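The sequence and the structure come first.

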Amino acid sequence: MVLRGRVDGSVRRAERQKVEFENGADRSVTVGTRSDKRRLFNLGVQAKHANGGEELSEVLGYFHENGEGEVHLETGGTIARSKSSVDADVYDSTMELELDFGALSYEDVRLEGVEKVSVGMVVAVPTYLPVPGGKELKPPSRLDGGRIGGQEVVLELTPDGTGTADLRTPVEQLLDQLDAAGRAEAGAHWPALREKILAEVDFARLQRELKSMTAGEPVRVVLTDRKGTELVSFDLAAKVGGLKAVGSTKESEFNIGSFVQESDSVQHSVGNAGQYGGGLAPKLDPVLLSGGGNHRMGREHVVLEGRSRTSQLTAKAKVPAVVYDGTVEFTATFNGSGTGHRAGRADVRLLVDSRDVGNFGELPVHPNRTSPDGIWENGLDETVVVRDLEGVGELRKELDRLGEAAYGDDWKAMRPEIEDLVSTPNLAAHLTAMTRGEPVELTLRGKDGVQVTLTARVDALEHRRWDDRAERNVLSETNEFGADRLLVSSTGTKQVQSGGTGIKTGPLGLEVTGTGSTQERDRNAARSGNNERIYASGKHKAKQDVYGATLTVDVEVRGKGRTFTAAKEVRAEIGVDGKTSEQGAPAGDRTLFDRSEYEKRKAEKTTEEAAAGQAPKKEPAPEEEAPAARTAPTRLKDGHELNASYVVHSLEGAERVHGAVEAAVRRKHPDLSERDARRIRKTFGRVGLKAQLSRLTRGGTLTETVGGRTWSAEITVTAKVRNPVERGVLEGYEFESGTRSSSGHGYGYDRLNRKTGGGQVKLKGGMVDGGFGYAYRRDATSGVTVDTVGSSSNRGKHVEDAVLFDLDAQYEVRIRFTRLGVQERPVELSVRTRARVAVPLRDTGSGDGSPGGAGSGKKPKGFLEQRRLDSSAIVTDVHALDGDGSGRGTGPRGTPRRTLGETLLDQVEAGPKPKRWMRRLFDGGDWQHLRRELAAQRRRTGCRPG
């Protein structure tokens with residue numbers, strides 16, 4: 001069926017309305033790994049016995065199945081959004097929807113007919129301010145070169161020929177122009193390739209991926225055979241041109257940046273089934289007649305648990321914007337050849353930051369800009385916003401060339417996953433971490449497969465402008481989810497078989513056999529799920545220097561006895577914290593900075609100091625007025641823990657944690673597999689440690705288990721924070737914190753009635769043995785499913801001054817080794833890192849010990865009278881109990897902190913257990929597993945109002 005829509009008529013209202021239009025497109029790429037294990041066990045007994053006139057048979061069987069699987073996903077993405085509040089023309093419109101059945105047929109009879117229906121709509125169309133008179137607004141050089149940057153927002157992509165009576169989709173129109181080239185390049189595969197392109201590509205996808213298409217990363221569609229072997233590939237690239245300024249806005253909010261999300265899940269399944277049955281075959285020569293039945297009852301239990309961490313950094317700015325209209329030229333290539341074929345055009349509308357537009361106005365100047373020496377030493381820190389990645393096309397071409405030379409035909413199967421890894425969204429999301437020595441890794445084809453590693457370094461910087469309106473938005477989100485499913489099935493089967501040698505013609509014998517069976521299966525399923533999400537985000541003013549950066553990205557591919565490295569230059573636009581830009585040597589009017597020049601200057605300085613007999617020393621930081629001294633909150637300073645609403649801005653040295661863990665395990669067990677080593681690096685990587693730092697300081701744990709044939713190691717990490725040092729006050733900081741919890745349960749039932757029948761005729765005699773037959777099956781199913789899902793969200797924002805603290809984040813590692821089921825002496829480590837945290841001013845104290853902010857107000861009436869939280873309360877933190885875990889806070893602070901679950905469990909274990917079922921529970925092996933689950937730090941969202 002085909003559904004079409006057409007605006008049939010519109011009437012404009014007399015008055016315009018102010019409307020805030022939100023536009024933009026996020027793009028993300030997900031790469032991951034999966035491992036599964038499954039064990040099957042079957043046991044059966046069969047018996048047959050006969051007397052003179054009949055034969056009886058009985059069967060009894062037991063079936064067991066259990067398995068487990070792990071999935072690790074890592075998503076990298078780019079963000080480019082805008083908000084513009086402008087006057088809009090409002091239309092009362094009518095749309096005619098047309099449903100065309102012409103492509104459907106029933107029993108080889110084509111259906112004909114078109115159904116139409118009209119619906120009413122109210123449509124708001126933005127109007128823009130005129131272009132400033134007398135000025136030629138020159139677009140940014142990247143747009144002149146045909147590439148849409150990451151900073152721009154694609155407002156609209158309109159197919160060429162819109163409004164005509166053509167019933168073809170826009171992508172069909174593009175492919176029609178490629179018909180001759182497609183038949184020449186793809187040959188007999190062109191019709192199938194065309195169908196696949198239409199199934200995977202629409203104009204919404206082209207608009208979403210337009211930036212990457214203009215930056216050397218085309219939309220690719222690959223046609224494969226049944227074995228997955230590539231038959232033909234299709235690439236569609238784009239180039240923008242003919243841009244003309246058609247309007248402007250007084251103020252638009254641009255939100256530009258990137259995000260990384262890591263997700264891990266584990267699934268366990270156990271299934272048991274029993275079957276019994278019998279058969280009867282009376283002896284009725286020459287007629288064959290037999291019948292029987294069996295019944296099978298089964299039960300399957302599946303448990304899924306997982307967690308995810310999201311780290312996002314964007315820069316927001318409210319500035320005037322310019323609207324450009326232009327055209328997009330599409331070019332298609334086949335099989336990666338260099339021959340391009342024109343594939344049509346489309347109209348495009350872009351929203352561009354006025355500060356990137358020539359002749360729009362004067363740009364502000366950084367008053368104290370210095371050379372970015374810290375970047376050469378330490379790479380791009382976590383405060384750097386990646387605004388634009390100017391294309392990875394050359395890197396992908398070089399990687400493709402070297403990969404095909406090294407791996408031959410195998411490279412075609414490996415290429416799609418590697419291209420996802422070396423894509424614009426994924427590289428932009430990981431770019432800053434790669435320059436700090438945190439590689440991006442991917443393993444293909446299991447544990448013995450191919451390992452891909454990405455690293456990067458900054459070679460040169462070009463200062464472009466000073467952004468004095470920027471706001472930095474730091475988002476941190478942790479999520480824990482689970483699902484439980486139970487399936488019970490009951491299947492009954494009855495069958496009958498009849499036949500015999502009824503006809504004989506000369507030496508040939510004709511044997512006719514008929515079969516029939518009925519089966520009835522009932523299945524009942526119950527399922528439940530939960531999802532608990534915690535937010536801790538912050539937004540504050542942070543002026544930035546915008547640089548054009550030149551980087552070298554190295555891609556190493558090794559495996560199957562072959563290794564190669566592809567290295568290419570990649571350009572990006574980054575936003576560097578204005579304070580960072582004031583910590584090097586004075587820059588004067590310089591705009592170009594080079595790593596080689598810095599290293600030369602550093603070597604000359606070291607030589608001069610060595611000649612003078614002086615030890616090298618760091619340049620003193622520029623003097624600035626010292627802020628008023630403030631003391632850290634008591635809970636942070638004395639309790640060594642963070643409030644859940646505090647925002648962790650950065651974490652330096654996180655790689656030391658997984659490095660220390662991996663080294664400790666290898667010292668005891670050198671046979672640690674590369675797969676388990678990667679699990680350690682992922683679980684205890686920077687994103688996970690940073691996103692969960694607050695939880696780990698409040699008694700939470702981060703756990704991973706690795707092992708070999710005869711040993712295993714359970715790694716548990718907690719954290720404490722120490723030595724807070726104030727780094728300044730941020731005015732008007734917006735804290736956003738809270739929780740969202742959802743849970744659901746459902747029930748399902750279905751019944752299957754299956755009837756089968758058939759017959760077979762065999763010819764036997766002499767040298768002739770043949771036959772023919774017929775079989776049919778008819779299924780009738782019915783079922784019902786009921787699901788109930790509810791959620792509770794308590795999330796709030798508040799704006800107040802914040803204090804930045806640099807502090808030591810000390811991760812405590814405990815590794816429990818087990819060999820052949822016997823526990824060995826655990827190994828304990830302490831790894832120190834450095835974190836920067838934003839704390840509300842009211843939680844801090846001044847130098848004289850007085851509170852830093854306003855005191856707390858009256859307690860809510862509902863809390864005072866009924867000791868409960870009402871539905872409007874927002875739970876910003878639930879933290880561990882002080883002292884000995886008794887719940888009364890009487891123990892010393894040095895005593896290890898316990899979660900609420902651990903406290904309750906201790907009381908249960910210490911109390912009397914008179915019940916027989918309780919004794920069996922504690923004496924058996926299930927209690928330790930149950931204890932770990934209940935003691936887990938997952939209780940914050942459980943403190944919901946109500």
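## Overall make-up

Helices (H or I, at least four residues) and strands (E, at least two) are DSSP runs, numbered from the N terminus. By that count the chain has 20 helices and 28 strands. This is a predicted model, in which local features need pLDDT of at least 70 and side-chain atom pairs count only at pLDDT 80 or more, while totals for chains, interfaces and linings use all residues. Residues are numbered from 1 along each chain as its sequence is written, and side-chain values use heavy atoms, with hydrogens and water left out.

Buried means under 20% relative accessible area, exposed over 50%, and partly exposed in between (1.4 Å probe, protein chains only). Of the 946 residues, 42% are buried. A contact is a pair of heavy atoms within 4.5 Å; among contacts between residues at least 6 apart in sequence, 79% join residues at least 24 apart.

## Helix α11

Helix α11 covers residues 595-611, 17 residues in total. From first C-alpha to last it reaches 24 Å, close to the 24 Å expected at 1.5 Å a residue, where the expected span is 1.5 Å times one less than the number of residues.

Which residues of α11 are buried? They are Arg-595, Tyr-598 and Glu-609. These residues cover an arc of only 65° around the axis, which puts them on the same side of α11; the arc is that of the directions from the helix axis to the C-beta atoms. They pack against α7 (373-378), β15 (450-467) and β20 (592-594). The face turned away from the buried side carries the exposed residues Lys-600, Thr-607, Glu-608 and Ala-611.

## Salt bridges

A salt bridge is a side-chain nitrogen of Lys or Arg within 4 Å of a carboxyl oxygen of Asp or Glu. The whole structure holds 85 of them. In one, Glu-152 pairs with Arg-142, with the closest N and O atoms 2.8 Å apart. Glu-152 lies in the loop between α1 (141-144) and β8 (153-159) and Arg-142 in helix α1, so the pair ties together parts ten residues apart in sequence. Both residues, Glu-152 and Arg-142, are buried.

Asp-235 and Arg-220 form another salt bridge, at 2.7 Å between the closest N and O atoms. Asp-235 is in strand β10 (residues 230-284) and Arg-220 in strand β9 (residues 219-224), so this pair ties together parts 15 residues apart in sequence. Asp-235 is buried at 6% relative accessibility, whereas Arg-220 is partly exposed at 25%. Both belong to a network of salt bridges that also links Arg-27, Arg-205, Glu-209, Glu-217, Arg-396 and Glu-419.
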